[in-house]
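Hi there,

Here is the structure I promised to pass on. Please have a look, and then read my notes below.

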Amino acid sequence: MTLDILKNRRTVRQYERKDIPEQLLEELLETACRASNTGNMQTYSVVITRTTEIKKKLAPIHFNQPMIMEAPVVLTFCADYNRFIKWCKLRHAEPGYDNFQSFFSASIDALLVAQQFCTAAEIKGLGICYLGTTTYNTDQIIQALDLPKYVIPVATVTVGYPAAQTEQVERLPLEAIIHQERYHDYTSEDIDRLYREKEALPANQGFVAENGKETLAQVFTDIRYTRAGNEQSSKVLLKAIKDQGFTF
């Protein structure tokens with residue numbers, strides 16, 4: 001039954017005007033924090049946003065996606081060495097965690113917690129949506145949520161009771177993802193075969209037509225995730241990480 005729920009999961013962007021009981025949210029977060037993490041250091045934190053005041057601060061940072069204001073709860077999952085470093089210093093231990101390795105491992109751990117939360121929430125009948133905008137305006141999220149040194153937001157999730165049934169987004173066939181024993185690189189024929197169904201979907205063909213492009217790949221490279229946009233957001237993210245105390 002649980003596998004069926006996970007196989008049939010859908011991203012939910014519209015929510016009922018119904019709050020999530022505090023007890024349920026706490027149970028989900030407790031479950032999430034049982035996720036694996038590096039060295040059992042738990043170098044992550046979760047900021048819960050319920051109030052309209054803070055949502056209004058977050059909304060423009062996330063490009064005014066309506067889910068921010070409509071979801072009863074917005075969760076920001078952060079890589080957090082602040083707490084662990086303070087504990088080390090108070091126990092007369094000299095921390096060496098202001099580096100890329102530490103930031104990267106904390107980010108992985110925060111994402112593991114985020115995904116375990118989402119899985120648990122969906123099992124309980126809630127709907128979730130990851131916002132891909134968290135790493136675009138990292139510096140602004142840091143300011144809006146008063147994140148101290150050594151704390152970096154890495155994922156934002158909206159959660160609530162689904163207001164409508166949504167279509168399940170396509171996925172590439174498993175053959176495209178899985179490599180037995182070692183990595184087997186893709187030939188041009190492999191790429192054509194593996195992406196054929198995705199490219200043939202009416203919705204994706206519609207994206208190509210409405211953007212005046214020749215291929216679906218061009219929608220990604222020229223419209224959605226451009227080189228200029230990626231380079232700009234990379235500068236913002238890297239500066240924010242360094243300003244928060246991590247040196248590369």
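A pocket here is an open set of points on a 1 Å grid over the protein atoms alone, where a 1.4 Å probe fits, with protein on both sides within 12 Å along at least five of seven lines; its lining residues have an atom within 4 Å of a point. This is a predicted model, where local features need pLDDT of at least 70 and side-chain atom pairs count only at pLDDT 80 or more, while totals for chains, interfaces and linings use all residues. Residues are numbered from 1 along each chain as its sequence is written, and side-chain values use heavy atoms, with hydrogens and water left out.

The largest pocket is lined by 29 residues, and Thr11, Arg13, Val169, Glu170 and Arg171 lie nearest its centre. Strand 3 gives the most to this lining, with four residues (strands are DSSP runs of E, at least two residues, and helices runs of H or I, at least four, both numbered from the N terminus). The second largest pocket has 13 lining residues, with Asn8, Arg10, Val12, Pro162 and Gln165 nearest its centre.

Now to helix 3. Within residues 52-61, Lys55, Leu58, Ala59 and Ile61 are buried (under 20% relative accessible area, with exposed being over 50%, for a 1.4 Å probe and protein chains only). Seen down the axis, the buried residues of helix 3 fall within an arc of 155 degrees (taken from the directions from the helix axis to the C-beta atoms), so they line one face of the helix. The face turned away from that buried side carries the exposed Glu53 and Lys56. After helix 3 comes Phe63, with a positive phi near 60 degrees.

Best wishes
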